[in-house]
Amino acid sequence: MAIISSQDADAEHPKEGRKAGKAAREPLKSNPGFPHQSNQSISLPGELAEENAPKTGADLLQPEADPAEKQEESLRPRTLAEYIGQTELKEVLAIVIAAARARQEPLDHLLFYGPPGLGKTTVAAALAAEMGSRFYMTTAPALESPRDIAGYLVRLKRGDVLFIDEIHRLPKVTEELLYPAMEDFRLDITLGKGRSARITSLALERFTLIGATTRVGALTSPLRDRFGQIQRLRFYEPDELVQIVLRTARLLNTSIDPEGAAEIARRSRGTPRIANRLFKRVRDYAQVRGDGHISQAVAAAALELFHVDPMGLDWTDRKLLTLLVEQFGGGPVGLETMAAVTGEDPQTIEEVYEPYLLQIGYLQRTARGRVITPAALRHLGYEAQSPLPLWS
Ligand code: ADE
């Protein structure tokens with residue numbers, strides 16, 4: 001049975017039936033060139049746009065990976081020791097690794113979940129590296145036909161790690177092939193069609209599957225139950241993001257002071273991917289408008305120019321909060337109503353926007369709906385009266 005980490009609250013709130021915000025995007029195609037090893041370059045397929053394409057606040061603050069960001073991968077920590085933040089998770093993983101190593105066994109299958117940009121892929125690759133295992137990476141939408149997943153499974157050697165991103169998007173047939181593969185290390189192949197069809201089984205090597213998802217509630221329970229551990233990645237604390245920015249600056253030979261790093265960290269929505277992206281834009285600004293050094297003043301001026309709000313809010317966050325105040329007196333308002341008045345997809349609101357607003361204490365979820373907080377009102381420049389008329 002799966003051990004669900006104690007921090008796990010979202011797992012109890014399945015979100016089946018909702019249209020995935022992500023599903024509307026172009027599905028990622030198969031990664032070219034099998035395999036990808038943990039210490040090799042892992043690149044997403046497709047045409048890579050210019051990394052330095054102009055971006056404004058709304059783009060810069062998107063937590064999803066941008067395939068144009070080729071450098072993201074080279075900045076990734078390779079080992080858990082290098083990895084900053086997620087302290088509790090690292091502690092759990094250190095035990096799992098030590099135990100598996102002592103028994104000379106592959107790791108149990110693992111599922112990571114949490115908002116995008118927090119390092120699910122990075123942790124998985126670091127785990128494989130710690131185990132001295134090869135790391136094969138793919139994404140669920142690329143596993144369209146049974147042949148795609150079978151192609152991976154039959155090549156895996158004992159101890160290899162197969163990483164499947166966005167695992168909640170696995171096609172049903174692929175998912176069903178994974179059940180015996182995960183549980184009994186067996187691949188069931190159907191030969192022939194109709195009445196003459198028969199199933200033959202192929203023994204697989206004992207591998208480790210690491211799944212990653214932003215929507216743990218969208219996984220079917222048979223799949224979820226086949227993971228030995230389910231772990232959540234959390235938003236990063238500001239001081240952790242400061243360390244990440246300082247590390248990136250060191251790797252990219254950029255002069256920065258702790259206050260400059262703190263200014264970037266504060267606007268990064270608790271997300272390393274965003275912190276590194278903002279860092280690079282501030283570095284451009286410092287180079288062109290200054291002497292290349294990133295101080296607090298330089299970082300603040302650059303991020304103002306790029307329309308990145310001092311708390312990392314983007315246009316949609318501000319619109320959500322403002323509408324809550326202007327049209328609903330601060331709440332409570334139901335998710336569907338918020339979606340209707342903002343024109344956003346309810347799932348995107350719930351999975352992309354709300355987690356950060358809840359984390360920084362700008363929004364509360366109550367049984368009757370969403371409620372804005374005095375901190376958010378102050379941030380938006382409203383007079384925070386306490387209590388607001390509709391709060392009683
Ligand atoms: N770069 C991105 N995420 C990181 C992390 N968690 N630790 C160190 N560097 C990172």
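## Overall make-up

The secondary structure of this protein comes to 15 helices and 10 strands. Both kinds of element are DSSP runs numbered from the N terminus, with helices being H or I runs of at least four residues and strands being E runs of at least two. Please keep in mind that this is a predicted model, where local features need pLDDT of at least 70 and side-chain atom pairs count only at pLDDT 80 or more, while totals for chains, interfaces and linings use all residues. Residues are numbered from 1 along each chain as its sequence is written, and side-chain values use heavy atoms, leaving out hydrogens and water.

Of the 392 residues, 53% are buried. Here, buried means under 20% relative accessible area, exposed means over 50%, and partly exposed lies in between, using a 1.4 Å probe and protein chains only. A contact means heavy atoms within 4.5 Å. Among contacts between residues at least 6 apart in sequence, 71% join residues at least 24 apart.

## Around the ligand

Which residues surround the ligand? They are Leu75, Pro77, Glu82, Tyr83, Ile84, Tyr236, Ile244, Arg247, Pro272 and Asn276. A residue is listed as near a molecule if one of its heavy atoms lies within 4 Å of it.

A ligand nitrogen is 2.9 Å from a polar backbone atom of isoleucine 84. A ligand nitrogen is also 3.1 Å from an N or O atom in the side chain of arginine 247.

## Two helix pairs

Let's look at how some helices meet. Helix α9 (residues 258-266) and helix α11 (residues 296-305) pack at an angle of about 25°, with their axes 7 Å apart. That angle makes α9 roughly parallel to α11. On the α9 side the contact is made by Glu259, Gly260, Glu263 and Ile264, and on the α11 side by Gln296, Ala299, Ala300 and Leu303. These residues divide into four nonpolar, two polar and two charged. In this grouping, Ala, Val, Leu, Ile, Met, Phe, Trp, Tyr, Cys and Pro count as nonpolar, Asp, Glu, Lys and Arg as charged, and the others, Gly among them, as polar.

The axes of helix α12 (residues 315-328) and helix α13 (residues 335-342) come within 10 Å and cross at roughly 100°. α12 and α13 are therefore roughly perpendicular to each other. From α12, the contact uses Lys319, Leu320, Leu323, Leu324, Gln327 and Phe328, while α13 brings Thr337, Met338, Val341 and Thr342. Six of the contact residues are nonpolar, three polar and one charged. Axes are lines fitted to C-alpha atoms, for helices over the stretch in contact, and angles run from 0 to 180 degrees between N-to-C directions. Angles under 35 degrees count as roughly parallel, over 145 as roughly antiparallel, 65 to 115 as roughly perpendicular and the rest as oblique.

## Two strand residues

Is threonine 213 buried or exposed? Threonine 213, found in strand β7 (residues 208-213), counts as buried because its relative accessibility is 1%. Leaving aside neighbours within four places in sequence, its contacts include Leu111, Phe112, Tyr113 and Ile167. A polar atom of the threonine 213 side chain lies 2.8 Å from the backbone nitrogen of arginine 215.

Aspartate 188 has its place in strand β5 (residues 186-191). Its side chain makes polar contacts with the side chains of arginine 186, at 2.7 Å, and serine 201, at 2.6 Å. A polar contact is a pair of N or O atoms within 3.5 Å; within protein, one must be able to donate a hydrogen and the other to accept it, and residues adjacent in sequence count only if both atoms are side-chain atoms.

Most residues other than glycine have a negative phi, and most peptide bonds are trans. Glutamine 104 is not a glycine, yet has a positive phi of about 55°. This glutamine sits in the loop between α3 (87-103) and β2 (110-113) and, at 69% relative accessibility, counts as exposed.

Asparagine 253, also not a glycine, has a positive phi of about 50°. Asparagine 253 lies in the loop between α8 (238-251) and α9, and its 75% relative accessibility makes it exposed. Finally, the peptide bond from glycine 331 to proline 332 is cis, with omega near 5°. Proline 332 is found in the loop between α12 and α13.
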